[in-house]
Amino acid sequence: MKFSNKMMMLCFGILIAVMGSIFIRALTAHILVDELGVDNIVTQIVLFDNDELRGVTKPTSRKEEIDWAKQYPFEVEHITNKKTDDGNTTAKIAIAIDASPISKWTGERLLMYKNVVFASKVYDGFLKWNVVALTDYNGVVEIQDGQLVTFLKRGNIAEKATNIIELANFCKNHDIGFLYVNAPNEIGRNDNTYKGLDFSNENANEFLANLKSNTINYIDIRDNVEQEGLVLPNLFFRTDHHWLPETGLWATGIIVKYLNDNDIIKSNISLLNPKKYYKKVYKNWFLGSRGKKLTLLRTTPDDISLIYPNFKTRFRCVIPEYGLDTVGNFSVMYDKRHIEVKDYYNKNPYSAYCYGLRGYIHIENLLADNEKKILLIRESFANVVAPFLATQCKELDILDLRIFDGSVRSFIKEHKPDIVIVLYCINDLFGEIYYKWHNNVWDFR
């Protein structure tokens, strides 16, 4: 047999082995671990390199399947009035949904993923290869002081703005307040260094101009950054796209000041003074999502803090999908399983805040000095906002629409919050909206 044929057979064999490992690991994680709660020598061997898949990082060993759409049903007129740009809704959604599990399993959950990535970075270093494809999965760029960023293209802004406007008007028609909070990324809107490469600020400018012309209430945190003369990269983890917890506390103060100034709530805003908190710092503990893509060969870990109040607190924290219902002090906001052990590639210490990626979280402040209820619609950026926001109201409901696939409007009508706050990073303005499975952050039906 010719050498070329042997190499072709070898490559084909490797491909079959990789596809087989994806299938076996997916079956083990979703059926044995998630559905049946199995934790034995077989599951441990198959999923040995991924604590998340083995269920180690979950509050309980078995995930509860909740039919959110049954609990919070959609109205027919809200289901049929959304199409993608070309009108071919079904086809585009099918492609997006069907490809999602494959891309996920061939990403961080691939067998020995971190070893493969590390080897590729060694190879890149040997070739002195330092080129990335912008906005692709591994499109990480290093800017000043080692800050890792991803440049973003122009997004479909009009549709996202329309959805926010419709949600705000829905709230107004039900005598409920509404506020949109625009969280910046690491690149300042007046920084021309990356002009023509990154369009995240242009996206945000267009989006907020649309809200303003429709008299929708919003806070642009970029204004506060500039007014206080802050350096944007200093507000973020260096190896991750998220805010530092200290930034989350600061941003919560901005939001709550707005709520008090506009008589939406009357709360003790002094409880958000950083001097009333202490920190437990985990040094060199966190390698963020962007750092994982470059590996420790190309970057170094971040510090991460858990922030605790010095004043007395008592909360009830409920996460239905994991059967969690606990009462205690501020510590109930944290899932310490994510941060107790230093493991750069298998742990995500940022997920200690508000238990990471959860569809619905209910928090009751048992020592609240008011009766106000807030609904916070968010993605992971607000993980480090929600715990501090909970000190300012009686009840805080938190929805992540990537997981919660019920009707937002039905939820609002049933829970009757005093205000709905949507807090998204400007990075979320990039990308299309797919409506079929109700798992998009811009689907507020």
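**Helix α9 and its surroundings**

I began with helix α9, residues 200-213: its 14 residues reach 20 Å from first C-alpha to last, close to the 20 Å expected at 1.5 Å a residue (1.5 Å times one less than the number of residues). Helices here are DSSP runs of H or I with at least four residues, strands are runs of E with at least two, and both are numbered from the N terminus.

A note on ground rules: this is a predicted model, where local features need pLDDT of at least 70 and side-chain atom pairs pLDDT 80 or more, while totals for chains, interfaces and linings use all residues. Residues are numbered from 1 along each chain as its sequence is written, and side-chain values use heavy atoms, without hydrogens and water.

Which residues of α9 are buried? I found Ser-200, Asn-201, Asn-203, Ala-204, Phe-207, Leu-208 and Leu-211 (buried is under 20% relative accessible area, exposed over 50%, partly exposed in between, with a 1.4 Å probe and protein chains only). They lie on the same side of α9 because their arc around the axis is only 150 degrees, taken from the directions from the axis to the C-beta atoms.

Next I checked their cover, which includes α8 (157-173), β3 (177-183), β4 (218-220) and α10 (221-227). After α9 comes Thr-215, with a positive phi near 50 degrees.

**Other entries**

I also looked up Ile-14, which sits in helix α1 (residues 3-35) and is partly exposed at 47% relative accessible area.

Last, the whole chain: I noted 14 helices and 12 strands, and 51% of the 445 residues count as buried.

Key
Contact means heavy atoms within 4.5 Å.
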